[in-house]
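Dear colleague,

I am handing over the structure below, and I would be glad if you could look through it before reading on.

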Amino acid sequence: MHFFTFLLTLGFALSGVQSIPAPSQPFPEVDPASNPLNAARALPSGDLYPPQPPGAGPGKRGLLYNTESNVEWSNFYVESPYVTYGSNGDVIRGDEINAWFSYVPTITVDAKLENSDWNDTVPILIEGGTKAMFASNEPDNPSQANLTPAQSVTVYKRFMQPYYGTVQLGTPAVTNGGGQAGLTYLDDFVRLCTGCAYNFVNVHFFVDRSEMSVTQYIEALTTYIDVTVPAIQAKHAPLVGLPIAVGEFWLTGASEAEAGALMDELLPWLDGNANVLFYQACGGLFEGGFVDAAGTGLTPAGTAYGGLAL
């Protein structure tokens with residue numbers, strides 16, 4: 001799986017990002033001791049989702065993780081001014097990431113386009129500091145969410161749109177594939193999703209090392225963000241002027257040295273681009289990505305991602 005607060009608590013909001021008004025109705029109070037989701041949400045510190053205001057530094061970087069990740073690996077990034085949140089492609093945070101980081105949930109659905117945990121869990125997350133949510137993960141990819149544009153519209157209207165104005169909402173995270181995938185899929189989705197509103201455009205960008213060098217990959221990604229995605233945004237009024245989130249990206253198959261070089265050159269560009277709201281490199285909290293194969297330290301790419309000294 002391409003796995004997978006930021007610059008906005010919103011005195012630190014980027015230009016073009018909407019301020020978030022207070023919810024029109026308060027969220028229901030939750031008794032942590034009695035809530036059945038508490039066991040799934042419990043963190044090693046015992047502290048549930050302390051707000052981590054982003055913006056102390058560039059703060060755009062997130063950590064992708066899954067159930068095979070280790071909370072000790074996220075400890076390498078605690079108090080980094082660059083890395084401020086984590087996401088795991090789910091609505092249940094789990095205990096694989098330090099409580100210091102904010103959490104961005106992702107909507108997933110079953111074959112009936114339902115998620116029984118979402119509306120019970122999201123208010124708890126928001127109350128605890130969540131500032132943004134991801135829509136369907138790669139609905140244009142048969143091995144991921146695998147939804148038609150019409151199905152994605154149903155999911156978005158049912159689970160995401162009700163929270164607009166309370167947290168930042170992204171469009172479905174499409175791949176950089178061709179044909180009916182990628183931005184063609186996004187084009188179809190936005191056209192069908194009448195009355196839908198978004199705060200950022202979420203895209204993924206993966207290329208295999210056999211197809212591009214590090215330099216070529218950087219040129220392709222920067223052009224995609226500066227030219228290709230804005231061209232699609234210009235076609236749809238709800239997308240015009242929205243910042244871009246690079247929800248997942250990686251040069252798949254790059255060597256450890258190449259991945260380090262990629263991070264060294266690309267991260268300053270992403271941090272300095274005012275139209276990039278936030279991003280997540282797919283090195284994440286995975287062995288062989290940002291974590292070394294022994295699980296005892298960071299690779300050069302992981303070190304660069306945290307803005308840490310070698």
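What follows is an account of what was found in it, from the whole protein down to single residues.

This is a predicted model, in which local features need pLDDT of at least 70 and side-chain atom pairs count only at pLDDT 80 or more, while totals for chains, interfaces and linings use all residues. Residues are numbered from 1 along each chain as its sequence is written, and side-chain values use heavy atoms, with hydrogens and water left out.

The protein has eight helices and eight strands, taken as DSSP runs (H or I, at least four residues, for helices; E, at least two, for strands) and numbered from the N terminus. Of its 310 residues, 56% are buried, where buried means under 20% relative accessible area with a 1.4 Å probe, counting protein chains only. The accessible surface comes to about 12,400 Å², and 52% of this belongs to carbon and sulfur atoms; such areas come from the Shrake-Rupley method with a 1.4 Å probe.

Strand β6 (residues 201-208) is mostly covered, with seven of its eight residues buried. Eight bridges join β6 to β7 (residues 244-252), and the two strands run parallel; strands pair if DSSP finds at least two bridges between them. Between β6 and β7 the chain passes through helix α6 (residues 214-233), making a right-handed β-α-β crossover, that is, with the strands pointing away from the viewer, the path from the first strand over the helix to the second runs clockwise. Within this pair, Phe206 stands opposite Trp250 in β7.

The loop between α6 and β7 holds His236, which counts as buried because its relative accessibility is 11%. His236 and Asp187 lie 49 residues apart in sequence, yet their C-alpha atoms are 8.2 Å apart in space. Their side chains are joined by a polar contact of 2.4 Å (a pair of N or O atoms within 3.5 Å, one able to donate a hydrogen and the other to accept it; residues adjacent in sequence count only if both atoms are side-chain atoms).

There is one disulfide by the rule used, namely a pair of cysteine sulfur atoms within 2.5 Å. It is formed by Cys193 and Cys196, whose sulfur atoms are 1.9 Å apart, and both cysteines are buried. The torsion about the S-S bond of Cys193 and Cys196 is about -60°, so this disulfide is left-handed.

With best regards

Definitions and conventions: Buried < 20%, exposed > 50% of the residue type's maximum accessible area, 1.4 Å probe, protein only.
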